[in-house]
Amino acid sequence: MINLSSSDVATTLTADEPGATDPRLQRPVPPLRDDLHLVEVARERDGEPAWCIEDPVTNRFYRIGWLEFECLRRWGQRPEQICQQIRAQTALEPDVDQVLALVEFLATHHLLRPDTATVDRFAAEANERSPWLKAKWWLHNYLFFRLPLVRPQRVLQTMARALPWLFTRSCVVAVLLLGILGILLVVQRWDRFTHAVVEAFSLSGLVSFACALVVAKSFHELGHALVATRLGVKVAHMGIAFIVLWPMLYTDTGESWKLKGSRQRLAISSAGILTELALAGLATLGWVMTQPGALNSALLYLATTSWVLSLALNSSPFMRFDGYFILTDVLDFPNLHERAGGQARCWLRRRLLGLNEPWPEAFSRSHRRALVGFAFATWLYRLVLFLGIAVAVYTMFFKALGIFLFVVEILWFIVRPIHQELSHWWSQRRAVPRHFRVGWLLVALGLTALLFIPWQTSVGGPGVIHSARSLTYYAPMPARLEARHDDGSVEQGATLVSLIEPDISLDLAAQQVALDNIDAELTGLLDNPQGRAQLSAAQARRLLNLSNIESHQREITRLHLSAPFAGKWQRINEQLAPGQWLSPREPLGVLIDPEHWVVEGYIDQQDVHRLKVGSSVRFFVEGQPSALHGELVRIAPSRTRLLDQAMLAERHGGVLKTQQDSGGEGQPLELEQPLFAVQARIDTNWNDIREARGRLHIDAERQSLAARLGTWLAAIAVRESGF
């Protein structure tokens, strides 16, 4: 339904404007169509009577106020005559401009009787081939169009007479209690429920969800239709509506605006959500009460689909879904979106341009604030939604069509409304006060400077500072801990960890005894002339024995871990005590060179071309206000997906997003978006000896925001140009 009140059609014309000599003033207003119906409806909030013009051809309803009704009663005369009669016979004080605006409104919505030329044009268009076969029709209608399928009035009347118990209070209470019982039982089995929902996300599960969606929406629309039929409202037809080519069932209950009571209209608008919630509650209870199987799975799909559709989609008042109509009926405020939008646009023009435009409708200050706030919330919600739809249509179709539909979505839903409002601002530029024009000029100059002055002098990215030389010590073999050096500074060659392997010591002692025996044997053989034949074999055994002794001594030396350079030693797992056996996989400590530090960082592709080796860098450690200074020493030649610094991963408290299935045992983390790795040398003293996350800033070529935006758009164009 479209609302039309005297404030909607009021215009302001002066004797100097073309309207003062408008030829329409000299002739009667055009006649109305003979098939229109005028129906009295509920009064406005201020008590003023209201009517609806019913267009049976399009099944649309146009709400009008008292002034428009009085004009229609005297239709067919000249505008001045209509105004004179209304002033003489009523308390209203209309002017000619309001009558002319009403004529324009009626003509715009094809409510006036067409002349011969218009009839001939409509006939010619009707004789052409089906419009849906034309690309132009799809361009204008693919966003939303409806296909009526059935005229269900007789069936609905039969169902309403056959199911009177469905509308009783006892039935409502019973369904409510059963739904609450189902929710309580599911809460007790929440783990099982969530596990079943997660398992349902498969190819067959998605098909089942789609079937459940059809069932839920069918009951939803049937709820609207039955309640409307019970209240005496004719349901013209039911069918499928396509929103961005996505099919949804719909029920035409447009005649509900004939009802004078807002509570009756509220019953019709809320019937769909209430039916779906009842279905969700009963399906939830049924899922709890049934055993795993086909029926149990079907109830699960039906319950989850109904809950999500009712609470997340249909209840939103920011789109023309059930939540919006429920809100308008609760407030008894028809055309909430249009009227709130009119208030918000006028508020913007007054606040931002200083225009003294009249308010579209008179409201109290608190009501106007509420309407303006609701309009802003609606615009923000729709901006996010339409951007999401644009991305969805881009991904749903092949690339060429996806890009085309993406552009159409952005232009039609986002750019077009903004352009229309800015066009109005431009048309009223001469009426803008001087100080507002000066202010906007300063804002424009500031934005221009912000966009085009190359004030961006650095490139930033996450990074990790660590020592240029660091060694983590492990036991070379399973061994027993004898001693560990205390934490702190150590000199080069200092023993850091001493280990014992008893078997090696025993073998060394045995080999030493064997060597002594062989030496004694050799002495005896040399003294005995008859033993000279065995001398070579004994010497060979002695050489083998010496080799074994040297090998064992090397193994013992390996068990004494020393520092190859001077640095700071820090033990790991201080709970280890002498006498404990150690695994080769267990770290014992780390030796860090405290004099040389580097930062490993990651930079976006769009910024790396501005960098060069030798640039100055600043590194801000998390929690440290001062920066560490240094120099860029390396830029990777290509992007990488492997994240060497696990501290930067989001799962470990960092800022870089990684693939969920990466980082398994022995596997590196993989970045969701590839980045360029860079390395910087830190020249400032870093008194800590730990690795730390931070933000790396690198001096780069100057760049403006406009150039950055152009580079980003060019990168997208290059990426998406590959069909």
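**Notes on a predicted model**

1. Start with one residue. Leaving aside its neighbours within four places in sequence, Glu54 touches Asp35, Leu36, His37, Val39, Arg60, Phe61, Glu255 and Lys258. Keep in mind that this is a predicted model.

2. Where does Glu54 sit? Glu54 belongs to strand E3, which covers residues 50-55. Is Glu54 buried or exposed? Its relative accessible area is 8%. Buried means under 20%, so Glu54, at 8%, counts as buried. Look back at the contact list with this in mind. Among the partners of Glu54 are Glu255 and Lys258.

3. Now the whole protein. There are 723 residues, and 38% of them are buried. The secondary structure comprises 21 helices and 22 strands. Next, consider contacts between residues at least 6 apart in sequence: 70% of these join residues at least 24 apart.

4. Turn to a sheet. Strands of a sheet pair through backbone hydrogen bonds, either parallel or antiparallel. Which strands make up this open sheet, and in what order? The sheet has 4 strands, ordered E9-E16-E14-E11, and the pairing is antiparallel. Its edge strands are E9 (470-474) and E11 (488-490), and each of these pairs on one side only. From one strand to the next, the twist averages 30°.

5. Look at one pairing in that sheet. Strand E14 spans residues 567-571. E14 and E11 pair in the antiparallel sense, over 3 bridges. Find Ser489 and look across: Lys568 in E14 stands opposite. Recall that E11 is an edge strand.

6. Next, the second largest pocket. How much space lies in it? The answer is about 1,100 Å³. The pocket is lined by 33 residues. Closest to its centre are Leu166, Val172, Leu274, Thr275 and Ala278.

7. Which helices each supply at least two residues of that lining? They are H8 (169-188), H10 (203-230) and H11 (262-289). The largest share comes from H11, with 11 residues.

8. What kinds of residue line the second largest pocket? The lining divides into 25 nonpolar, 6 polar and 2 charged residues. Check this against the residues closest to the centre, including Leu166 and Val172.

9. Begin at Glu54 in strand E3.

Key: Residues are numbered from 1 along each chain as its sequence is written. This is a predicted model: local features need pLDDT of at least 70, side-chain atom pairs count only at pLDDT 80 or more; totals for chains, interfaces and linings use all residues. Side-chain values use heavy atoms; hydrogens and water are left out. Two strands pair if DSSP finds at least two bridges between them. Axes are lines fitted to C-alpha atoms, for helices over the stretch in contact, and angles run from 0 to 180 degrees between N-to-C directions. Buried means under 20% relative accessible area, exposed over 50%, partly exposed in between (1.4 Å probe, protein chains only). Contact means heavy atoms within 4.5 Å. On a 1 Å grid over the protein atoms alone, a cavity is a set of points where a 1.4 Å probe fits but cannot get out, and a pocket is an open set with protein on both sides within 12 Å along at least five of seven lines; lining residues have an atom within 4 Å of a point. Grid points are joined across faces, edges and corners, and a volume is the space filled by probe spheres set on the points. Ala, Val, Leu, Ile, Met, Phe, Trp, Tyr, Cys and Pro count as nonpolar, Asp, Glu, Lys and Arg as charged, and the others, Gly among them, as polar.
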